[in-house]
Amino acid sequence: MEIFSLAHLWAGIIAIAILVYVLLDGFDLGVGILFGMTRDEAKRGPMMAAIAPFWDGNETWLVVIGASLFAAFPAVYAVFLSAFYLPVLLLLVGLIFRGVAFEFRYRSERMRGVWDFGFAAGSTMAAFVQGAAVGAMMRGIPVEDGQFAGTSLEWLHPFPVLTGIGLVLGYALLGACWLVLKTEGAVADWARGMVFWLVIGVLAIVGPAIVAALTVDMSPGLTQAAERFGMLSSLGAAAGFYALLLLVACARLRLDGALYPLGALFFAATFVALAGMMWPYMIPYTLTVQDAAAPEASLRFMLFAGVVVLPVVAIYTIGVYWLFRGKVASSEEP
Amino acid sequence: MALDPLILSRLQFAFVISFHIIFPAFTIGLAAWLATVEGLGFATGRAVYRRIFDFWLRIFAVSFGLGVVSGIVMAFQFGTNWSVLAERAGPIQGPLIGYEAFTAFLLEATFFGVMLLGRDRVRPGVYLLACCMVSLGTILSSFWILANNTWMQVPIGHEVIDGRFIPTDWREIVLGPVMLIRWLHMLLAAFLTTAICVAATGAWYVLRDINRAEARVMLTWGLGLAAALIPVQMYLGHLNGLYVYEHQPAKFAAIEARWKDEQPGTEVWLAWPDAARQENLLAIETPGIGSFIATGEWDAPMTGLESFPEEDRPPVVIPFFGFRIMVGMGLVMLAVSWIGTLLRVTGRLETSRWFLWATFLAFPSGFIAVLTGWYTAEVGRQPWVIYGLLRTEDAVTPALTTTDALISLVVFVLVYGMLGGFGVRYIYKLLREGPSGPSGAASGAYGSRRPFARADGPGVTDRR
């Protein structure tokens, strides 16, 4: 096997796209989850405003990931989506309801309750499904002849359920950090207060998840995952843990600017820990990066998108974030 | 017909893509229209353009939102329901969808935020640039989608290795002549759809004697653009017919309801094609001119469906009527736009109530033409998903169960039914109110909220 190949480059680009997606859509899904924890319109309005200019671009990274997998690793795309048929349906329905809420809640007084519920529930469901998919991936996905060879409820086990809840809490944490950054007054105070409890929640889910993995589950996949928990994963897990501790400390000290970067660091570190366990598999533990790669001609054609277009996207995305810098107004009428 | 994962997946794909295409067809045109109006306002400084822009931006926001959320579903359907297609054709279709995501989706989604909320944060020139970027994004999106679909219709530039389609000539795949014709045909279809909607909205206001200044601009531009584009569109449609004749003879025979080989061909204007008896009932037809209409040559040979093995024949009824309804809508648009422009030039447009009614009623003609045109193209391709190479029945996900496929179909029908119902209602409300309606009148400062929400939403503002 070559040390470096186009397939590895594409695996790297997709890994970066996944991380960007998690850090960006993570905060706006998180705000959606927190949205469901308050019924106070004085909070809800600024919460929506804090993510309104960004959510659409953020969510598009999910499509970029899907399309990149389809292009560079069609076998992974085919297996992953057919293995998670019902979860993907839930994810899409969740994203649909949260997406239209931005538009619809201001169009109708009478229906606002419905669209608000859709926004909170859709965000929560999308986060849960993504977390559960990570857990199910770690348990391993059966593949025969390049196609998924399991049943449609293969993913529904205690361990994926726990990782799903874990990601809901994690995204909510990221959302709280974002709200502290973008809002002021009562909303920011409320969000700052949530940081502590959400960190506790995230840590509290890790314990049961490990216990579940070791006792009720014991799938061969998780055993493999545990064996693969090496140096890189340990470093990632340790960095993630310290990021959480610092996050609580900074929230107490009201170092508002540090919260979102620390939340992002936590996610990046956890991502590295997981990647360390899965590498070089893309579908654990059946398809590796090399097995699943599209032919050279496809990877080469896509190279322009990855190497030239993507940096341009990064530049204008940063530009738009810069354009909408600063706090949103805390009052109902600007 | 027994329910199995294949038929359920086909129904689901047909349903979600039919729902989806309505919104992009509208927003591709609207994005270009908004960029045009913003450009006119930028150049002339006339306030009427700003009012028209703000009004159509509100409608753009609703339809763009619905297009985005229903479009995400499309990006995942290949894998969930058609995993064999995804795995085998991924090396070609994947990069095309990939380029759409990288060059189009990110562009339009990011600058969409600026368009909706950034008016008071950037200079007018930059704002105009953002409008152009959104429009460019929608146009690029249609480009890659048509490259993808064209490869499924007329697969070229590839070789087959171990059952997988390996690209050998990307230039041919992306910029082949068939692709360029089909892309321009779709692009103009979107522009025409929106032009007619804009004109119909203007006609509605004149009939109700409201928003007269805005209505005049909408009528002039909508009818004028449509009048200029429709002849080009009809010529592109003819070129499309030639490619079908050349590359997809079975589809061509289905569109023409031609059962037997003929030379020269008979032109069937209207009939009820009876597949069981392989003949046309109640046919209105003209013998001898079919070859000329299709190809421009009087004695070009026309292949009938009998020449194809039974298992390779497409259904006939949908392509036959789909094509005729599409052409009919094209004629409606031709009549409305040309008569309207004539009336406009002679100064009688706003007093001809009969014509304003006709224009108003033509509102959905573009949408109907887009939908029926796609039904003709897609149903006519059957039984193949990749024409001549991979059958639809062999492309479905092997692990997919009937129960799961039924669940997802029912869920999509319920969810889309609900969203489509409310979305169309909200768009109708905005159209009825017009530029001076409460949502618009209350807007005041631009960019203080999503356009929908300006009346009652909180603001995104700098602390300055």
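Tutor: In chain B, 84 residues are in contact with 80 residues of chain A, contact meaning heavy atoms within 4.5 Å. This is a predicted model, in which local features need pLDDT of at least 70 and side-chain atom pairs 80 or more, while totals for chains, interfaces and linings use all residues. Residues are numbered from 1 along each chain as written, chains are lettered from A and ligands numbered from 1 in written order, and side-chain values use heavy atoms, without hydrogens and water.

Between the two chains, about 7100 Å² is buried, with carbon and sulfur atoms giving 72% of that area (the accessible area, 1.4 Å probe, lost on being put together, summed over both parts). F76(B), Y99(B) and F102(B) supply 11% of what chain B buries against chain A, more than any other three residues.

Turning to helix 10 of chain B, residues 317–345, we find 29 residues that reach 42 Å from the first C-alpha to the last, close to the 42 Å expected at 1.5 Å a residue (1.5 Å times one less than the number of residues). Its buried residues include P319(B), F320(B), R324(B), M333(B) and L343(B), buried being under 20% relative accessible area with a 1.4 Å probe, protein chains only. The buried residues of helix 10 pack against helix 6 (177–208), helix 7 (212–247), helix 8 (249–255), strand 3 (267–274), helix 11 (353–361) and helix 12 (365–381) of chain B. After helix 10 comes G347(B), whose phi is positive, near 75°.

Definitions and conventions
Helix = DSSP H or I, 4+ residues; strand = E, 2+ residues; numbered from the N terminus. Buried < 20%, exposed > 50% of the residue type's maximum accessible area, 1.4 Å probe, protein only.
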